[in-house]
There are 2 protein chains.
Amino acid sequence: MDRTARESPTHGFGALFSRRAAGLPGRALLDDTEVVDRISFTFGFPDAASLPAQQVAESTLRALAERGDRALQYGDTRGYGGLIDILRDKLARDQGIDATRDNILITAGSSQALDLILDGFVDWGDTIVSENPTFLGAVSAFRDAGANVVPTPIDRDGIDVAALERNLARLRADGVTPKFIYVISNFQNPAGVCLSLERRRALIAIAHRYGTIVIEDDAYFDLRYDGEQLPPIYALDRGEHVVYMGTLSKTMGPGMRIGWLVGPPEIIRRLTALKVDGGTNIFGSHVAADWLPRHLADHIAGLRETYRRRRDAMLAALERSMPPGTTWSRPDGGFFIWVTFPDGIDTGRMLAQARERGVDYLPGTRCYSDGRGQRDMRLAFSFSDEARIERGIAILGEIATGELREAG
Amino acid sequence: MDRTARESPTHGFGALFSRRAAGLPGRALLDDTEVVDRISFTFGFPDAASLPAQQVAESTLRALAERGDRALQYGDTRGYGGLIDILRDKLARDQGIDATRDNILITAGSSQALDLILDGFVDWGDTIVSENPTFLGAVSAFRDAGANVVPTPIDRDGIDVAALERNLARLRADGVTPKFIYVISNFQNPAGVCLSLERRRALIAIAHRYGTIVIEDDAYFDLRYDGEQLPPIYALDRGEHVVYMGTLSKTMGPGMRIGWLVGPPEIIRRLTALKVDGGTNIFGSHVAADWLPRHLADHIAGLRETYRRRRDAMLAALERSMPPGTTWSRPDGGFFIWVTFPDGIDTGRMLAQARERGVDYLPGTRCYSDGRGQRDMRLAFSFSDEARIERGIAILGEIATGELREAG
């Protein structure tokens, strides 16, 4: 922070801010991305060495030589048509999703997709249903939009559909139809679990029965290291009650800021009309449209090797270092391991010690909308190499063991 | 539209949409950018030939070679610090704006800036004040946010500050403080006028007196073809009651999707906290940070030559072709000429004929929040070369003359 920043005049702006701005924590989601000298397990950052800078440079040269007058101009609000068609091929081949151009909207990463969904469905005070815990960006975005979040627990097979149905029945008795049910179907962030095939089908039936839709966030679909791929809820439902969210952030790179929504044309049309802009990241979309067909499949194959090794290294290190009574997820894919400590540990309180010793992680409370998660932490194995993972986990194990000794 | 698109299931989603989505016109702001075989005066698109594709390619190679691991990774929510510092230099040198890093937020073009301002200040039903007519994207965004817009007229010196003060006094009598006053200070879109220095000072005093702030949209600052540059309202006020919006869309290119907000740190902090994303267009920001110091000044000089010629060609063509009683603006910069026809012309109705003859323009009603503008049209001189401008204006002149003959 530059200390010479000009501060507000004598009167504040308090009376002018909206409800959502007034209630903010006043901190940015990502505010220290330049700090890389500690071992960071905090965010789901991809491996820096895997980012395909050379290939992206070559794709940029081709895209600008062939279509420079389009790549630097305003673009269609729905996104660059050439990129949409390439995504349609990818979705059909890998996800089993059959989509037309009218089913797809390009967004600035999953963040803008989630923003548009909130703008399109949620008025202040409206009810939505979410897995608990869930993606910290969703926790913030739901809060900022004034949504009344009905938290629903997850277990090893994903969202607990019996608990979900009880919640929806209770809401119906109160005359409330939730605007949507938000789920992360593969390698759930943070818990690492996959929604089982049976539950995917049950979820569709429940959404239909209660007159609502499913928002399926599938950021990690391509990053499965073990087991068989499951069809997205969207594919099982043929897209009738489901809006599907995807992203290039975990494959080509987050810096591209390219994501997409797939959904019923009526929903896509409305969200497109809400997106009052001159197109989404047009330059980057033209570059991505060149890069994807040439490199995506090989790139994903390489990432799976890298991340499988890192996951295995982290699991082995946890086994060696964590105090008795600690449990953790064993995810088949994605970026995260979810650790739950015995009573006596507060991961929020423990963070200062960890940082002092050069290790960073996400306290579990950031992933809950209802204040739980004191004994939990989310560890990203994606960003650090095996040596740093071993060193970092050993440090966290020592700190947790010390905490328990004091507590005991 | 692909006719095989899967339509909604038997039940619609009507009950699930938010207020802002329910009231939408159901059409995207830009939905036919691929259509370039007509003479288009509709949108403020930059000259395609001026887009610096080769330079951007070279900047991309350098940015990715030097900082590829940062350019493709997640980024700081406030924007790439390297780009912010370059903008600070530019703002100090050209605009006379003295800003620290805490005063600046990078956005995905002016569109995201306006979205964030609405999210941060406007709850459904809140009151704002806007010039009338104004930028069509603002008209849409204000409507979608449920803002109660108090339209305030403009004349040759910009917003009518006497009318503005009457509006604010009336609101105060009703106990209402408008969240902000939105003005385009230079080469107003669509009317082409500049806010006079005297009125810039008056506007600051009025904002202070009524406890509100000014949102100063200055997309066209760099594109002045005649006369002397005026200091931005932000600079005159030293940023105490003003949030300043800028963009690269009219210079480096809209496809970059890079804009910025400059404002008091308290406001920038809140808007940053509302911007729940993984950074704005990180890849493009690294490319822009390489391109700007090398090329921006020369590029602007070239654009001024091109656009001055096009403006002069359009003014001359209007003089030759338009029926008596037609008036138009003579802007010192920017992209637009604003034409007002005599009674008997409806520019909305006339549009079908114009399109049939291969010419497109923006009917004036799109720029008003209160249904006016039937006799007005906005003509962009930025996108078409002189030959097309002459041909297009001749056609519009013939159509208007014919309409008046029928009406008379």
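**A tyrosine, a helix and an interface**

I begin with B:Tyr244, which lies in strand S8 of chain B, residues 242-247; helices (H or I, at least four residues) and strands (E, at least two) are DSSP runs, numbered from the N terminus. The model is a predicted one: local features need pLDDT of at least 70, side-chain atom pairs count only at pLDDT 80 or more, and totals for chains, interfaces and linings use all residues. Residues are numbered from 1 along each chain as its sequence is written, while chains are lettered from A and ligands numbered from 1 in the order in which they are written.

Is B:Tyr244 buried or exposed? B:Tyr244 counts as buried because 28 other C-beta atoms lie within 10 Å. The cut-offs are as follows: a residue is buried with 20 or more other C-beta atoms within 10 Å of its own, exposed with 12 or fewer, and partly exposed in between, the C-beta atoms being placed from the backbone. Leaving aside residues up to four places away in sequence, B:Tyr244 touches B:Ile97, B:Glu216, B:Asp218, B:Pro232, B:Tyr234, B:Val262 and B:Gly263; contact means C-beta atoms, placed from the backbone, within 7 Å. Between B:Tyr244 and B:Ile233, 11 residues apart along the chain, the C-alpha separation is 8.3 Å.

I turn now to chain A and its helix H3, residues 81-95. With 15 residues at 1.5 Å a residue, H3(A) should span 21 Å, and its end C-alpha atoms are 20 Å apart, which agrees; the expected span is 1.5 Å times one less than the number of residues. Which residues of H3(A) are buried? They are A:Leu83, A:Ile84, A:Leu87, A:Leu91 and A:Gln95. These residues lie on the same side of H3(A) because they cover an arc of only 95° around the axis, the arc being that of the directions from the helix axis to the C-beta atoms. Exposed A:Asp89 and A:Arg93 sit on the face of H3(A) turned away from its buried side. The packing partners of the buried residues of H3(A) are strand S2 (104-107), helix H8 (233-237), strand S9 (259-262) and helix H10 (282-321) of chain A. After H3(A) comes A:Gly96, with a positive phi near 70°.

Next, the domains. Chain A is divided into domain 1 (30-52 + 299-407) and domain 2 (70-295), with bounds from an automatic or database domain assignment. Their C-alpha centres lie 26 Å apart, and 29 residues of domain 1 of chain A are in contact with 30 residues of domain 2 of chain A. On the side of domain 1 that touches domain 2, the largest share, 7 residues, comes from H10(A).

Finally, how are the two chains related? A rotation of 180° with 0.0 Å of shift along its axis superposes chain B on chain A, with an RMSD of 0.0 Å. That is the relation of a two-fold axis; the superposition is by least squares on the C-alpha atoms of residues with pLDDT of at least 70 in both copies. The same surface serves both copies, as 100% of the contact residues of chain B recur in chain A. In the interface, 93 residues of chain B are in contact with 93 residues of chain A. Helix H2 (53-71) of chain B gives the largest share of the side of chain B that touches chain A, 9 residues.

Definitions and conventions: Contact = placed C-beta atoms within 7 Å.
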